[in-house]
Amino acid sequence: MSFTTDSIAEQLRSVRERIRQAALRAGRNPEEVTLIAVSKTKPAEMIQEAYGCGQRVFGENRVQELTEKLTALPQDISWQLIGHLQTNKVRQIVGKAALIHSVDSIRLAEELQRESEKKGVVTELLLEVNIAGEESKFGLRPEDLESAAVRIAQMPSLKLRGLMTVAPFTAIPEENRKYFRQIRQLAVDIKDKNIDNVTMDILSMGMTGDFEVAVEEGATMVRVGTGIFGGRDYPARG
């Protein structure tokens, strides 16, 4: 499904309104929730259309795609890396992504620290949590989060801002409510430890199929792609 300019604007309005309503249902200020338009595999023209509708935060899964779009599109866009980051790609992304959502190991954090120190920047990041224990997904186990936060807090060129999760795919969004609640509680527990250099003010959770439930449970960032841009056309491999 390809979206026209009008439909991108319409979908953005719809998603923003659904975020607003979900926040109000939970007694939250809708301004607390940032919509990340997931633009992976989408051409710059479609991103420019969303930009023209006021969207300024975009999420990409691949380092190369993010860096290419960064140079081709307006400079006030906040680019967020939401996909798995390999250690051999760290050099290419440090200093370019406003936030890295997918830090899933101390080894990766150490590589980010080395490269950030070398470039003289502070890299903001989230710890990715495999909240449902799915073998097919990346992320730290919940029981390993606190020790990881303590380690990262000692890395002066990194700033741990919170947690991210990719909840299980389901046709029934309500089924993921328990996972979003667990993520929120994990963030509260870490915040209560008062670890220096750790804020836990960002919860990145919820996607096209379940973002309203995520907002009701405390998400401060939701990652919506298909709901804005339509289905994705993945390039053929081989």
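This is a predicted model: local features need pLDDT of at least 70, side-chain atom pairs count only at pLDDT 80 or more; totals for chains, interfaces and linings use all residues.
Which strands each supply at least two residues of the lining of the largest pocket? Residues are numbered from 1 along each chain as its sequence is written, and side-chain values use heavy atoms, with hydrogens and water left out.

Entry 1, pocket. I found that β5 (123-129), β6 (158-165) and β8 (221-224) are the strands in question; strands are DSSP runs of E, at least two residues, and helices runs of H or I, at least four, numbered from the N terminus. A pocket is an open set of points on a 1 Å grid over the protein atoms alone, where a 1.4 Å probe fits, with protein on both sides within 12 Å along at least five of seven lines; lining residues have an atom within 4 Å of a point. I noted 33 lining residues, with Lys-40, Lys-137, Val-166, Met-207 and Arg-223 nearest the centre.

I located Ile-19 in helix α1 (residues 5-25). Ile-19 is buried, with a relative accessible area of 5%; buried means under 20%, with a 1.4 Å probe and protein chains only. I listed its contacts (heavy atoms within 4.5 Å) beyond four places in sequence: Val-33, Leu-35, Phe-211, Val-215 and Val-222. The C-alpha atoms of Ile-19 and Glu-216 are 9.0 Å apart, although 197 residues separate them along the chain.

The mean pLDDT is 94, and 95% of the residues reach 70 or more. Over residues 234-238 I found pLDDT below 50.

Technical notes: pLDDT is the predictor's confidence in each residue, from 0 to 100. Buried means under 20% relative accessible area, exposed over 50%, partly exposed in between (1.4 Å probe, protein chains only).
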